[in-house]
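The following exercises are to be worked with the sequence and the coordinates at hand. Each task is followed by a solution in steps.

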Amino acid sequence: NDEMQMNVGTVVQQRWCGQFGQDRVIASLLNATTKAIRGTFVDLAANDPIRNSNTYALEQLLGWHGLCVEPNPKYHPGFGAYRRCALAKTCVTAEKREVEFALAGGKGRIASSGGAKKSLKLTCEPLSVLLAHHKMRAITYLSLDVEGGELDVLRGVDWNTTTIDVLTVETKVETASVEITKFLEARGFARVFCVALDSVFVAPV
């Protein structure tokens with residue numbers, strides 16, 4: 001469609017797609033700006049497959065592979081057309097449960113109290129289940145932005161079997177930022193800097 005073609009044109013011109021340059025920062029941080037180093041990613045929630053994507057350039061320019069998680073069916077055709085990664089058409093929570101997912105474009109989220117104008121009934125899975133299904137245990141980069149449910153997602157990771165080198169996590173709410181930082185620091189991660197609304201966490205060496 002016209003919107004997707006515009007997005008393709010944008011990435012051809014700019015090469016990097018992350019809304020605030022997260023993709024370029026991650027590639028530079030990992031010294032992975034050429035195809036010599038090919039990483040794996042999990043993009044949660046992915047939203048549009050190209051526009052403002054933190055993983056499109058890593059995949060298309062640098063040869064990375066991975067998993068995108070996106071419950072909104074509006075975006076699903078674009079993944080088939082323009083992405084090579086696996087796509088999980090669901091949402092993620094700490095434990096498997098039924099939820100109402102509010103369809104609000106880039107602000108789509110699990111609705112806490114119902115009443116969303118447009119929504120879907122979904123069965124959310126823990127991230128550990130999705131990773132096991134896709135046989136992913138070593139993740140180079142996790143992009144995490146789910147409009148307030150980030151800590152719940154992290155609680156659903158099996159930290160005994162999964163390694164993550166670098167995360168960007170949306171932490172625009174101060175209380176959530178403190179809780180997420182405390183949770184990740186307890187697992188050895190260091191918060192190294194911020195990229196706009198996202199905090200960057202690096203695993204222990």
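The exercises below treat cysteines, salt bridges, a helix with its surroundings, and backbone geometry.

The model is predicted: local features need pLDDT of at least 70, side-chain atom pairs count only at pLDDT 80 or more, and totals for chains, interfaces and linings use all residues. Residues are numbered from 1 along each chain as its sequence is written, and side-chain values use heavy atoms, with hydrogens and water left out.

**Exercise 1. Cysteines**

Determine which cysteines are joined in a disulfide (a pair of cysteine sulfur atoms within 2.5 Å), and describe the state of Cys-17 and Cys-85.

Solution. 
1. The structure contains 1 disulfide. Its partners are Cys-91 and Cys-124, with an S to S distance of 2.0 Å.
2. The angle about the S-S bond is -85 degrees, and the link is left-handed.
3. Elements are assigned as DSSP runs, numbered from the N terminus: helices (H or I) have at least four residues and strands (E) at least two. Cys-91 belongs to the loop between strand E3 (86-88) and strand E4 (97-102), while Cys-124 belongs to strand E6 (residues 119-124); the bond therefore ties together parts that are 33 residues apart in sequence.
4. Cys-91 and Cys-124 are both buried. Buried means under 20% relative accessible area, exposed means over 50%, and partly exposed lies in between (1.4 Å probe, protein chains only).
5. Cys-17 takes part in no disulfide, as the nearest cysteine sulfur, that of Cys-68, is 12 Å away. Cys-17 is buried, at 10% relative accessibility.
6. For Cys-85, the closest cysteine sulfur is in Cys-68 at 3.5 Å, which is too far for a bond. Cys-85 is buried, with a relative accessible area of 11%.

**Exercise 2. Salt bridges**

Solution. 
1. The criterion is a side-chain nitrogen of Lys or Arg within 4 Å of a carboxyl oxygen of Asp or Glu. Side chains of opposite charge can pair when their charged atoms come close.
2. Arg-83 and Glu-59 form a salt bridge with an N to O distance of 2.9 Å. This pair links distant parts of the chain, 24 residues apart: Arg-83 is in the loop between helix H4 (76-82) and E3, and Glu-59 is in helix H3. Arg-83 and Glu-59 are both buried.
3. Glu-125 meets Lys-96 at 4.0 Å, N to O. Since Glu-125 sits in the loop between E6 and helix H5 (127-133) and Lys-96 in the loop between E3 and E4, the pair ties together parts that are 29 residues apart in sequence. Lys-96 is exposed, with a relative accessible area of 57%.
4. Asp-152 pairs with Arg-97, and their closest N and O atoms are 3.7 Å apart. Asp-152 is partly exposed at 25% relative accessible area, and Arg-97 is partly exposed at 38%.

**Exercise 3. Helix H2**

Identify the buried residues of helix H2 (residues 22-29), and find what covers them.

Solution. 
1. The buried residues of H2 are Gln-22, Asp-23, Ile-26 and Ala-27.
2. Viewed down the axis of H2, these residues fall within an arc of 130 degrees, so they line one face of the helix. The arc is that of the directions from the helix axis to the C-beta atoms.
3. Their cover includes helix H3 (56-60), strand E7 (138-144) and strand E8 (163-170).
4. Leu-29 also lies in H2, but is partly exposed, with a relative accessible area of 37%.

**Exercise 4. Backbone geometry**

Locate the cis peptide bond, and state where Asn-31 and Glu-147 are found.

Solution. 
1. Most residues other than glycine have a negative phi, and most peptide bonds are trans.
2. A cis peptide bond joins Leu-44 and Ala-45, with omega about -5 degrees. Ala-45 is placed in the loop between strand E1 (40-44) and H3.
3. Asn-31 has a positive phi, near 55 degrees. Asn-31 is in the loop between H2 and E1 and is exposed, with a relative accessible area of 59%.
4. Glu-147 has a positive phi, near 55 degrees, and is found in the loop between E7 and H6.

Definitions and conventions
Disulfide = S-S within 2.5 Å. Contact = heavy atoms within 4.5 Å.
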